[in-house]
Amino acid sequence: MVILRSHLTHFRARLKSLGWVMAALLCSFAVPQPVLACSLALVVAVDVSASISEVEYDLQQRGIAEALQHRDVVKATEAVGGIWLYGFEWSGRYQQNTLLDWQFLSDEASIRSAAGEILDNTRDSREFMTALGHALSHASSVLANAPQRCERNVVDVSADGINNEGYDPHVAYVSGNFSDITVNALVIRKEDRTYRYFENKVIRGPGAFVQAMNSYENYTEAMVRKLVREILGLGFADSRETGRIRKIP
């Protein structure tokens, strides 16, 4: 009888221990697992200040839409498993208007839809100056509210002139949170000083670069090169390790 009681006590102890193990396993299944980060959250910030003519605006708008749908950009987007994209137009201190709200682009169909929305947009303002610092601050706020946490956060800013209203990009960088943001630039060379300004005072972060062009007629081609670099993260890892910034003539 004593032996039987000893066996029963030991059996109950093992059952209790097994119960704790089962409970722990059930809890582990119940806890949501962290979602894997997306590859890229990209904000395209497009200059529509007074220096941009109506013809140039149309070339710029069509250039963005056509570049997104270019086969190289589509392939790059599919290769990384998709990207989050947001676009806005900017000019004066308080003129930042959404061109495309956050959309996840993963294939040709989703990219075509985003490009269509961009083409449907109409210019909101024509008479304001170039408040680049304010545009960068707005881009930072947009990225802070991205739908998903991504491995890389990039602002793709385009312009044909330097800041001439409000605070400079430096102020935006020291007053805002740009610690994990790369700022690249697409520069239209109306003046030689514009390229140097963006090279020295605007681009920043791992893998940052300036993509230049001489005319709005070349917008699509330049945008394709820029998007492929940004989507694939070319030069990102190397520059993060060495601190180098890429400049592309």
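Buried means under 20% relative accessible area, exposed means over 50%, and partly exposed is in between. Keep those words in mind as you explore these close-ups of a predicted model.

**View 1. Glu 230 and Lys 226 join in a salt bridge.** The N-to-O distance between these two side chains is 2.8 Å. Both residues belong to helix H8, where they sit four residues apart, about one turn of the helix. Are Glu 230 and Lys 226 buried or exposed? Each of the two is buried.

**View 2. Lys 226 also pairs with Asp 156.** Here the closest N and O atoms of the salt bridge are 2.2 Å apart. Lys 226 comes from helix H8 (residues 219–232) and Asp 156 from strand S4 (residues 150–159), so this pair ties together parts that are 70 residues apart in sequence. Like Lys 226, Asp 156 is buried.

**View 3. Glu 191 meets Arg 193 in a salt bridge.** Their closest N and O atoms lie 3.1 Å apart.

**View 4. Glu 56, Asp 160 and Lys 190 form a network.** What links these three residues? Salt bridges connect them.

Note on methods
Residues are numbered from 1 along each chain as its sequence is written. This is a predicted model: local features need pLDDT of at least 70, side-chain atom pairs count only at pLDDT 80 or more; totals for chains, interfaces and linings use all residues. Side-chain values use heavy atoms; hydrogens and water are left out. A salt bridge is a side-chain nitrogen of Lys or Arg within 4 Å of a carboxyl oxygen of Asp or Glu. Helices (H or I, at least four residues) and strands (E, at least two) are DSSP runs, numbered from the N terminus. Buried means under 20% relative accessible area, exposed over 50%, partly exposed in between (1.4 Å probe, protein chains only).
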